[in-house]
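New page in the notebook.

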Amino acid sequence: MVFAATRRQRVPAPLRKIVQVSAILNADLHCHSVVSDGTLTPEELAARAKANGVDLWALTDHDELGGQHRAAEAARAVGLRYLTGTEISVTFADETVHIVGLGFDPDDAAMTQGLYDTRGGRGKRAQEMAAQLAQVGIHGAYEGALRFVGNPELISRTHFARFLVEQGHCRDTSEVFRKYLTEGKPGYVPHRWATLRDAVRWISGAGGLAVIAHPGRYKFTANEEYALFTEFQAHGGRAVEVVTGSHTPAEYVEYADKAREFGLAASRGSDFHSPDESHCDLGALPPLPAGLTPVWELLADRIR
Ligand code: AMP
Ligand code: MN
Ligand code: MN
Ligand code: MN
């Protein structure tokens with residue numbers, strides 16, 4: 001007993017966990033599970049990330065936090081470092097822009113409510129998309145897309161794309177987004193998402209860090225893109241995706257320059273959705289270009 005008491009006295013107070021991070025870490029901070037429009041579960045993604053050599057992972061389901069506790073637990077079980085994540089749909093200058101949030105409290109009430117509201121219009125939008133497709137002879141698209149949906153609150157264009165491929169209307173989902181579901185094509189329904197200000201505030205308010213997702217994908221003029229970056233920063237946004245599955249190597253260079261110009265940190269993420277659809281697998285991206293601040297260096301104390 002005396003020995004046990006002595007030992008107990010020697011045990012220091014619990015240390016705050018300090019995680020060492022480095023710029024060359026294989027970080028993959030953007031992907032999707034069945035909780036939004038991916039085809040793998042959070043557990044399957046954690047296993048795949050680990051097998052692919054990922055060191056630091058974040059699951060970033062669209063407008064949803066429902067997979068966060070599962071992902072963090074699965075990451076812990078396979079020995080993977082984890083940051084909480086989401087990808088918020090935003091309307092800016094009449095375009096849809098995606099803002100990734102990283103390292104926030106996944107139980108934050110304001111963010112949970114904001115994302116719930118953001119998801120709210122998806123059901124009606126999906127019915128309208130199906131009505132448009134019916135006009136070009138494609139019937140039953142709503143019910144058909146629903147069969148691919150893992151989360152009833154999150155029916156997305158990706159689920160319609162899977163239905164159109166299944167029915168033989170297109171060879172793959174890339175062809176779907178060239179022929180359907182995009183502006184000027186059958187099945188496109190414009191939608192008003194969250195504001196840039198709200199998205200950045202929800203993330204920052206929950207203790208996280210906001211990141212402009214895949215900026216190379218937006219069809220903005222130079223002025224509109226400048227406005228996006230300046231307004232994002234004015235609202236408290238801190239980083240931009242530089243190396244992503246959605247960028248070409250030329251865009252890695254372009255957005256590395258933008259990150260330096262605006263003094264933003266840089267993120268890296270595959271945007272992996274499915275083994276059958278995604279051309280970029282988890283963890284399979286080049287490192288960030290030199291001379292950038294990796295976003296995970298700003299989030300070292302949020303890594304689990
Ligand atoms: P939604 O949030 O319902 O508008 O759906 C957007 C999702 O559709 C994106 O997150 C992608 O998963 C998918 N998507 C959009 N454009 C394309 C594209 N050109 N190729 C493949 N997938 C796309
Ligand atoms: Mn998606
Ligand atoms: Mn996106
Ligand atoms: Mn994404």
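My entries on the ligand site and the metal site follow.

**Ground rules.** I'm working with a predicted model, where local features need pLDDT of at least 70, side-chain atom pairs count only at pLDDT 80 or more, and totals for chains, interfaces and linings use all residues. Residues are numbered from 1 along each chain as its sequence is written, chains are lettered from A and ligands numbered from 1 in written order, and side-chain values use heavy atoms, with hydrogens and water left out.

**Entry 1: the shell.** I looked up what surrounds ligand 1 and found Asp37, His62, Arg122, Arg125, Ser156, Arg157, Thr158, Phe177 and His273. To be listed, a residue needs a heavy atom within 4 Å of the ligand. By class I get one nonpolar, four polar and four charged residues.

**Entry 2: polar contacts.** I count pairs of N or O atoms within 3.5 Å. Oxygen atoms of ligand 1 lie 2.8 Å from a side-chain N or O of His62, 3.2 Å from one of Thr158 and 2.9 Å from a polar side-chain atom of His273. Taken alone, ligand 1 exposes 500 Å², and the protein buries 78% of that (Shrake-Rupley method, 1.4 Å probe).

**Entry 3: the metal.** Which residues hold the manganese ion (ligand 2)? I find Asp37 (OD), His62 (NE2) and His273 (NE2) coordinating this ion at 2.1 to 2.2 Å. Donors here are N, O and S atoms within 2.8 Å of the metal (3.2 Å for Na, K and Ca); water is not among the atoms, so sites may look incomplete. The manganese ion (ligand 3) is 5.7 Å from ligand 2.

How values were computed. Polar contact = N/O pair within 3.5 Å; in protein donor to acceptor, adjacent residues only side chain to side chain. Nonpolar A, V, L, I, M, F, W, Y, C, P; charged D, E, K, R; others polar.
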